[in-house]
Amino acid sequence: MFPHRHLLGIEQLSQTDIITILDLAEKYADLNRQQHKHLDVLSGLTQINMFFENSTRTQASFEIAGKRLGADVMNMAMQASSIKKGETLIDTALTLNAMHPDLLVVRHPHSGAVQLLSEKVNCAVLNAGDGRHEHPTQALLDALTIRRSKGRLHRLTIAICGDIAHSRVARSNMFLLGKMENRVRLVGPKTLMPSGVDKLGVEVTDDMAAGLEGADVVMMLRLQKERMDGGFIPSEREYYHRWGLDEAKLSNARPDAIVMHPGPMNRGVEIDGTLADDINRSVIQEQVEMGVAVRMAAMELLTQNLRRDTA
Ligand code: NCD
């Protein structure tokens, strides 16, 4: 049982909701490693992906997830859509709604836009990232990756490092990891910490060595230059020197610490390229793999609710 109509953020989910998604995703992770990966769970249903911001892995992952479960999947080319002619987000949503989709997957540069849209349509809406607000499926795929590597998802020390202020990935992860009772540390320059960070109930430091001390998981974030309108960092070279993850800084973490990054990566800015590729430390490829499984699980759970509504 999954008691939600939409997946808009981690903030609204309970511990049980999170575990329900991860347990089902675990089964899909197994399916995805088989040669034949097709099921009919979403057969007859229509999934529309609306990405108002650039995306490589999230969009591809939602598309593959829908297709593996048998949905009819359509990717709207938002760059070429009527939004460019001045149509509002809501008008576009209502137009699509009239075509009776069952699942709408939406990414938008404005925080709150996906929730607004979900109030206007009849189908299930999945937030694929709204501004700097939330990116729930990313936090869920990160959680599944951590649980598989560490064997648990509680009582871990997790350092989230870099551009926290502009990152919906950091926000969703903070909610999720907090709900699962982990110790979360935010590490990065003071200029890239969100306002009110002291009220978030997490540890905060601008010192990488101290922040990584004893960490089980080191989660790096991209510098979100498209969301910056001024000089938040002295220079990329200086940033890498102080906050970029390399072997030397990682040696402060536990010897078995895993390295994560949601992608896309700026090699040599927030992370050393060789370290990112080191399969003994980095789980970046597994994160991508788990992304498909988590999205399959989330879409299945939401459509079970739709079926109940119409039954
Ligand atoms: C993230 C996003 O879009 O928020 N990417 C992703 O979904 N894999 C992080 C980022 O863009 O840096």
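In this predicted model, a helix is a DSSP run of H or I with at least four residues, and helices are numbered from the N terminus.

**Exercise 1.** Determine which residue with a positive phi follows helix 2, and describe the helix itself.

Solution. Step 1: helix 2 covers residues 57-68, which makes 12 residues. Step 2: the distance from its first C-alpha to its last is 16 Å, close to the 16 Å expected at 1.5 Å a residue.

**Exercise 2.** Identify the buried residues of helix 2 and state how they are placed around the axis.

Solution. Step 1: buried requires a relative accessible area under 20%. Step 2: Thr58, Gln59, Ser61, Phe62, Ala65 and Gly66 are buried. Step 3: these residues span an arc of only 165° around the axis, so they lie on the same side of helix 2.

**Exercise 3.** Is His135 buried or exposed?

Solution. Step 1: His135 is located in the loop between strand 4 (124-130) and helix 5 (136-150). Step 2: its relative accessible area is 4%. Step 3: the cut-off for buried is under 20%, so His135 is buried. Step 4: leaving aside residues up to four places away in sequence, the contacts of His135 include Thr58, Arg107 and Arg295.

**Exercise 4.** Classify the pair formed by the rings of Tyr239 and Trp243.

Solution. Step 1: the ring centres are 5.7 Å apart, and the planes of Tyr239 and Trp243 meet at 40°, so the pair is tilted. Step 2: the two residues are four apart in helix 8 (residues 236-243), and therefore about one helical turn separates them. Step 3: both Tyr239 and Trp243 are buried.

Definitions and conventions
Residues are numbered from 1 along each chain as its sequence is written. This is a predicted model: local features need pLDDT of at least 70, side-chain atom pairs count only at pLDDT 80 or more; totals for chains, interfaces and linings use all residues. Side-chain values use heavy atoms; hydrogens and water are left out. Buried means under 20% relative accessible area, exposed over 50%, partly exposed in between (1.4 Å probe, protein chains only). Contact means heavy atoms within 4.5 Å. Rings of Phe, Tyr and Trp (its six-membered ring) pair if their centres lie within 6.5 Å; planes under 30 degrees apart count as stacked, over 60 as edge-to-face and the rest as tilted. The expected span of a helix is 1.5 Å times one less than its number of residues. The arc is that of the directions from the helix axis to the C-beta atoms.
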